[in-house]
Every structure is written in C-alpha cells, then in structure tokens.
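This report concerns one predicted protein model.

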Amino acid sequence: MHVHAKGSEEMTEQADDALVEAIVAHAQRRLDEQANPQLAKEMAAYMKTEMPFYGVQSPARQEILRELKREHKITDAATHMAAIKALWACEHREEKYLAVRLARAYPKLITFDYLDLFLSMIREGSWWDFTDEIASNLVGKILENHPEETWPLMDDWLEDECMWIRRTALIAQLRFKEKTDVAWLLEACEALMHEKEFFIRKAIGWALRELSRVEPEVVREWTDANKENLSGLSYREARKRLEK
C-alpha cells in the first residue's frame, strides 16, 4: 500500500522567454537545414501518422540537442518546462521528439510538478513513439524520485479511458530492476490482461520480460499460472528471456 503525501510546492520562478524563443528558433533552423522530403514521407508512413516530419533521423536530432544544451543553457525548472512546452507545441514530429529529449537532458530539474505536463504529452501524442520514451524515462523518473506523491496515482492510470495512460502505468517501472514493486506490477498485469488492445498486451509482456531480468522465477511461475487468461502475445513477450 502506498501512502499519498502532500505534493511539492508549485514553482514560483518566471521562465526566461527569450531563452525559450532562442531554443525553438535554433531547433527549427537546424531541422529545416537538414530536412529530407523523401525521408519525411517514409518516416510518416512508418509511424502511420498525418503529422508532418522534416525527415531528420535520430542521430542528427541528438546532435541538435547537444547544440541546444551547449549554446542555450537552462538553469531553472520554469524555463525548462516552458521550452519543453514550446517545442511540443510545434507542428512537426521531430520538434516534439526534441521536446522529450530536452526534458530528459535536465534530470536534476525534474520534480513531481512536471508530471501533469508529461501525462498531457502522452495523451496528446497518443502513439507508442511518444508514450514509451516519456513513460519509461520521465514518468518513471518521477515515480522513482517522488514515490509518495506518484504511487497513489498509478491505480487510477490503470483505469484511465486513454489507453496510452494505461500503458504508461504498466511500463513506468521498466528501468527499475531490483526496485520494481513486483506485487503491484503483477496485480496491474492481471487487471489489464483481459484487454484486446495490442499495445496493452505488448506492454504487459514487455514489463514482465524486464522483470524477468531480476525475478525470473516470479515471472515463470506467474505466467504459468495465468497462461489461460494471458494473450499469446503477452505470454511470449514475457518469457522471451526465460526461454533462452
């Protein structure tokens, strides 16, 4: 049982609007310089989205992120959050990818106050490329660093009407290893294993597969006991490491 503690105090500092504008302008200029219309079409087709792409792949985006950190140093949470929001509000998918990476680039600034922003990004993005990185690297970090405030929300996420929030609850502990709340995760998998949705079934298997790195016998016994009720996809994914 997780006890709900009082939330952290709201941020009072003001964002540096000029710095935020400079970050967005730099990102857009560099993305535009490297735009590849043919790649943009292929990337959109792969992601099954109507959202426009520049056609700039991950290694080049990482270089842009390094430039942003080097040339536009962020030192406070208000500016960090404002920059994430500004990039996320842009039209192209690569700008939104940079928003997520910029969030990850300043882990020491991230507090429980960021959670609503990250959840809203998951809801708005509503696809695996956004959800998976935000859930495991950002929401997971908040869960790890602010457990008393965050854990009480996880049960609600399991019942959220947005499937991507339910997926977030399942995979938020992906990086936890020995720190995983095993009992909660198994109960969550049991609560959602009736779902027909591919991305929920895949998430159940993924979460259990990661758990099997540190608790192989727990995963073996649980999947054996629940084999009749688990989807084939969840079962196969969960046992991939066990069968090697």
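The model is predicted, so local features need pLDDT of at least 70 and side-chain atom pairs count only at pLDDT 80 or more, while totals for chains, interfaces and linings use all residues. Residues are numbered from 1 along each chain as its sequence is written, and side-chain values use heavy atoms, with hydrogens and water left out.

**Largest pocket.** A pocket here is an open set of points on a 1 Å grid over the protein atoms alone, where a 1.4 Å probe fits, with protein on both sides within 12 Å along at least five of seven lines; lining residues have an atom within 4 Å of a point. The volume is the space filled by probe spheres set on the points, which are joined across faces, edges and corners. For the largest pocket this space is about 310 Å³. Its lining has 15 residues, and M43, M47, S58, R61 and Y97 lie nearest the centre. Helices are DSSP runs (H or I, at least four residues), numbered from the N terminus. At least two lining residues come from each of α2 (37–47), α3 (58–71), α5 (93–105) and α7 (128–145); α2 gives the most, with four.

**Aromatic pairs.** Rings of Phe, Tyr and Trp (its six-membered ring) pair if their centres lie within 6.5 Å; planes under 30 degrees apart count as stacked, over 60 as edge-to-face and the rest as tilted. By this rule there are ten aromatic pairs. One of them, between Y97 and F130, is tilted, at 5.6 Å centre to centre and 55 degrees between the planes. Y97 belongs to helix α5 and F130 to helix α7, so this pair ties together parts 33 residues apart in sequence. Y97 and F130 also belong to a cluster linked by ring pairs, together with F53 and W88.

W127 and F199 form an edge-to-face pair, because their ring centres are 5.3 Å apart and their planes stand at 65 degrees. W127 is in the loop between α6 (115–125) and α7, and F199 is in helix α11 (residues 198–211), 72 residues apart.

The table gives relative accessible areas (buried is under 20%, exposed over 50%, partly exposed in between; 1.4 Å probe, protein chains only).

| Residue | Relative accessible area | Class |
|---|---|---|
| Y97 | 12% | buried |
| F130 | 1% | buried |
| W127 | 22% | partly exposed |
| F199 | 14% | buried |

**Charges over rings.** A charge sits over a ring if NZ of Lys or CZ of Arg is within 6 Å of the ring centre and within 35 degrees of the ring normal. K69 has its charged end over the ring of Y106, 5.3 Å from the centre. K96 lies over the face of W88, at 5.1 Å from the ring centre.
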